[in-house]
Each structure stands twice: as structure tokens, then as C-alpha cells.
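Subject: A structure for you to look through

Hi there,

Here is the structure I promised to pass on to you. Please open it next to this email, so that you can find each residue as you read.

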Amino acid sequence: DHSSSLSQFLRVTKQYLPHLARLCLISTFLEDGIRMWFQWNEQRDYIEATWNCGYFLATCFVLLNLIGQLGGCVLILSRNFVQYACFGLFGIIALQTVAYSILWDLKFLMRNLALGGGLLLLLAESRSEGKSMFAGVPSMGESSPKQYMQLGGRVLLVLMFMTLLHFDSSFFSILQNMVGTALIILVAIGFKTKLAALTLVVWLLAINFYFNAFWTIPAYKPMHDFLKYDFFQTTSVIGGLLLVVALGPGGVSMDEKKKEW
């Protein structure tokens, strides 16, 4: 029986899964923060040239990105001040969206929204650990802010997933898109959520290591950066899905409604 072997898997991995999920989810921020460190001058010159804001402000921007992202990641992984860290990373997403003129680039905008979805799931998770942000607010039955955060996070994961689709007409791409889309819809509506999310994780892992193997391409080639970017983005989606596996779909989902029927 699928569900019993799944629940057994979840019992065994219960301690590790959320940590792994969080690491994957924030890997995009981690990678970007490290990139800021290694491409310090290029990033600063780019911001200075784009915004004519002078050397000092451009340096501040890169520094803020570097410290904000790496600091936020450390806090989230060490489970300290998780909510503040999430809000900080939300701020950095917003800042980058403006600074790199991402507002006009649909794919990047969707990716940033989706990263926000991952952060929403992290927030929902940190709230479910009992340290409520809305302490003292009477909760309306079960549909607390946390559950809408989980729903919002799942819906934004769909957006994140959409940015991974490959729109070309090869048979494998079409198959990949169809299988992936079917599974992500199950995750979004919360039907057989854990099984669908876990299947999608395995599927995406395989695709990620096969198609986005950036380490096989020399670093000076532009393709290296493209693949690296896609690799970490896919890893973040995997992290979000693992968090869904670890947390369950929350109250606003078909799995929960089935119990009521």
C-alpha cells in the first residue's frame, strides 16, 4: 500500500526532512550571496552604471545583498529569528526586483514571486512551531493565517515550477511538462499532496542533475551561469516541495476536506 510505505518513509525522515527542505529552499539565496562575494566588483559596477548612484551606494547595495542573504540563510538554518530572517529575505527579493529591473522580465519576476512562496512556507512552518506572530488574535476555527500562508506558499510554488518548464517541442520536454504540471496541480489543490510532492521531488532531482549539470561546463562560458542559475532554482523548488511533504498541505486543501466528508 502506497500510503503506508509513504508514511513510514515520513516517520523515518521526520527529523531530517525539514532541515534538508530548508537548506534546498534557501539555496538560491545562499548561492546569490556567495556570488556577491566572488563577483563583488562586477556587481557593484553594474549597479553603479545602471542607477548612476555613485560608488558608495553601489557598494552598500552589494554589501546589503551579501550580508542580508547569507545572514538570513544562517538564521533560517539555525532556527533563530526565523520570521525576521524571512522578512529580511522578502526585502532583498523586493530590492533586487527593482535594482535589476526584474519587474519587466516575466520569467525573473515569476521566479522572485516563487521564492517569496518558499519563504511563505518557511514562515508558516516557523509559526506552526508554536511561536505565533499573531499571539492574542482570536483564530477563526482552523483557517488561521498560517493555513492561508501554506496555501499561498503552495500556489506560489506552482509559479516557481512554471518557470522550470521547457517550451520546446521535443517529446521529452512535452512529457516532462505534462507529468510535472499534473503533479504540481495536485500539490496546489492539496490532493494526495505528500505523495504528489514527493514524486515531483524525485522527478525534479533527476532532471536537475541531468540537465543542469553546470559543473560539467567551464566557468568562463555563459552557459555555466545559466545552468547554475536553473540548478539552484530547481533546488529551491525541491526545497519548497520537501517542506510541503514535511508539513502536509495545511487546512485549505482537498486532503483535509476529504477528512471532513
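Below is what was found in it, from the whole chain down to single residues.

**Before you start**

This is a predicted model, so local features need pLDDT of at least 70 and side-chain atom pairs count only at pLDDT 80 or more, while totals for chains, interfaces and linings use all residues. Residues are numbered from 1 along each chain as its sequence is written, and side-chain values use heavy atoms, with hydrogens and water left out.

**The whole chain**

The chain has 12 helices and 0 strands. Helices (H or I, at least four residues) and strands (E, at least two) are DSSP runs, numbered from the N terminus. Of the 261 residues, 45% are buried. Here buried means under 20% relative accessible area, exposed means over 50%, and partly exposed is in between (1.4 Å probe, protein chains only).

Among contacts with a separation of 6 or more, 71% join residues 24 or more positions apart; a contact means heavy atoms within 4.5 Å. The accessible surface comes to about 13800 Å², and 71% of that belongs to carbon and sulfur atoms. Such areas come from the Shrake-Rupley method with a 1.4 Å probe, and for residues only the protein chains shown count as cover.

**Where α3 meets α11**

Have a look at α3 (residues 27–38) and α11 (residues 222–247). These two helices pack at an angle of about 145 degrees, with their axes 8 Å apart. The axes are lines fitted to C-alpha atoms, for helices over the stretch in contact, and angles run from 0 to 180 degrees between N-to-C directions. On the α3 side the contact is made by Ser27, Thr28 and Glu31, and on the α11 side by Lys228, Phe232, Gln233, Thr235 and Ser236. By class, that contact has 1 nonpolar, 5 polar and 2 charged residues. In this count Ala, Val, Leu, Ile, Met, Phe, Trp, Tyr, Cys and Pro are nonpolar, Asp, Glu, Lys and Arg are charged, and the others, Gly among them, are polar.

Serine 27 is buried, at 8% relative accessible area. Leaving out residues up to four places away in sequence, serine 27 touches Phe232, Thr235 and Ser236. Glutamate 31 is buried too, at 13%, and on the same terms it touches Lys228 and Phe232.

**Salt bridges**

How many salt bridges does the structure hold? There are 3, where a salt bridge is a side-chain nitrogen of Lys or Arg within 4 Å of a carboxyl oxygen of Asp or Glu.

- Glutamate 31 and lysine 228 meet at 3.7 Å, N to O. Glutamate 31 is in α3 and lysine 228 in α11, so this pair ties together parts that are 197 residues apart in sequence. Lysine 228 is partly exposed, at 24%.
- Arginine 35 pairs with aspartate 32, with the closest N and O atoms 2.4 Å apart. Both are in α3, and being 3 residues apart they are separated by about one helical turn. Arginine 35 is partly exposed at 26%, whereas aspartate 32 is buried at 8%.
- Arginine 44 pairs with aspartate 45, with the closest N and O atoms 3.5 Å apart. Arginine 44 is buried at 9%, and aspartate 45 is partly exposed at 38%.

Leucine 10 is in α1 (residues 2–13) and is buried, at 15%. Leucine 10 and valine 245 are 235 residues apart along the chain, and their C-alpha atoms are separated by 8.2 Å.

**Two loop residues**

Most residues other than glycine have a negative phi. Asparagine 52 has a positive phi of about 50 degrees, and its place is the loop between α4 (40–51) and α5 (54–78). Phenylalanine 81 has a positive phi near 45 degrees and lies in the loop between α5 and α6 (82–99). Asparagine 52 is exposed at 69%, and phenylalanine 81 is exposed at 58%.

Enjoy looking around!

Best wishes
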